Amino acid sequence: MGSAEVSPQMAFARFVRRAIDDAREERGWTVTDLATHTGVGRSTVFRWLAGDWQDYPELAKVRGFCAALDLPVAAAFRALGLPDAGAVPRRRGAEDGPVEADVRVILERLADPNVPAEEKHHIRDLLRYLARRPVRRAG
């Protein structure tokens with residue numbers, strides 16, 4: 001790696017450091033406050049700051065971190081070296097129609113630290129039920 005190249009760990013650590021500094025300055029938050037509001041544990045925040053990870057951080061935690069701090073998720077994913085918005089790669093030719101929009105909303109709710117755990121549990125139960133339900137053919 002040349003001196004001009006920055007690892008995803010270093011770039012993400014800088015992103016997290018800026019976010020923490022801004023939260024401290026604008027909201028008076030400590031790292032403990034940050035952990036409480038974002039749903040990302042203190043030890044995880046410190047690992048991110050240290051660039052101490054081999055596998056990418058859990059994207060749901062990154063999304064929750066960004067949502068709680070009003071930060072663009074795309075900026076965090078760019079720091080990680082991921083495609084914009086960190087979207088799951090779409091199938092070729094997939095249109096962003098009503099099904100994809102609905103799925104995106106569900107995924108956002110599951111990643112949102114402000115959505116109660118009980119509601120997330122109900123969403124997951126319903127998805128499991130729907131996934132196992134036999135498909136009825138029209139006709």
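Modeller: The count of aromatic pairs comes to 4. Keep in mind that the model is predicted. Begin with Phe-12 and Trp-48: their ring centres are 5.1 Å apart and their planes stand at 70 degrees, so this pair is edge-to-face. The cut-off needed for that step is that planes over 60 degrees apart count as edge-to-face. Phe-12 belongs to helix α1 and Trp-48 to helix α3, so the pair ties together parts that are 36 residues apart in sequence. Both Phe-12 and Trp-48 are buried.

Trp-48 also pairs with Phe-65. Here the ring centres are 5.5 Å apart and the planes are at 85 degrees, so this pair, too, is edge-to-face. It links distant parts of the chain, with Trp-48 in helix α3 and Phe-65 in helix α4, 17 residues apart. Phe-65 is buried, as is Trp-48. Taken together, ring pairs join Phe-12, Phe-15, Trp-48, Trp-53 and Phe-65 into a cluster.

Now look at what else surrounds Phe-12. Setting aside neighbours within four places in sequence, Phe-12 is in contact with Trp-48, Trp-53, Pro-57, Val-62, Ala-76, Ala-79 and Leu-80. Phe-77 sits in helix α5. Its relative accessibility is 0%, so Phe-77 counts as buried.

In soluble globular proteins, nonpolar side chains tend to be buried together. In this model, the largest nonpolar core has 24 residues, and those with the most contacts inside it are Phe-12, Phe-15, Val-16, Leu-34, Trp-48, Val-62 and Phe-65. The elements that give two or more residues to this core are α1 (8-27), α2 (31-38), α3 (42-50), α4 (59-68) and α5 (73-79). Helix α1 gives the most, with 7 residues.

Helix α1 also carries charged side chains, and these are worth a look. Side chains of opposite charge can pair when their charged atoms come close. Asp-21 and Arg-24 meet in a salt bridge, at 3.7 Å from N to O. Both lie in helix α1, 3 residues apart, which is about one turn of the helix. Asp-21 has 32% relative accessibility, so it counts as partly exposed. Arg-24 is partly exposed as well, because its relative accessible area is 42%. A second salt bridge involves Arg-27 and Asp-70, at 3.4 Å from N to O. This pair links distant parts of the chain: Arg-27 is in helix α1 and Asp-70 in the loop between α4 and α5, 43 residues apart. Asp-70 is exposed, with a relative accessible area of 63%, whereas Arg-27 counts as partly exposed at 33%.

To review the part you asked about: Phe-12 and Trp-48 are both buried, and they belong to the cluster that also includes Phe-15, Trp-53 and Phe-65.

Key: Residues are numbered from 1 along each chain as its sequence is written. This is a predicted model: local features need pLDDT of at least 70, side-chain atom pairs count only at pLDDT 80 or more; totals for chains, interfaces and linings use all residues. Side-chain values use heavy atoms; hydrogens and water are left out. A nonpolar core is a set of buried Ala, Val, Leu, Ile, Met, Phe, Trp, Tyr and Cys residues joined through side-chain atoms within 4.5 Å. Buried means under 20% relative accessible area, exposed over 50%, partly exposed in between (1.4 Å probe, protein chains only). Helices (H or I, at least four residues) and strands (E, at least two) are DSSP runs, numbered from the N terminus. Contact means heavy atoms within 4.5 Å. Rings of Phe, Tyr and Trp (its six-membered ring) pair if their centres lie within 6.5 Å; planes under 30 degrees apart count as stacked, over 60 as edge-to-face and the rest as tilted. A salt bridge is a side-chain nitrogen of Lys or Arg within 4 Å of a carboxyl oxygen of Asp or Glu.
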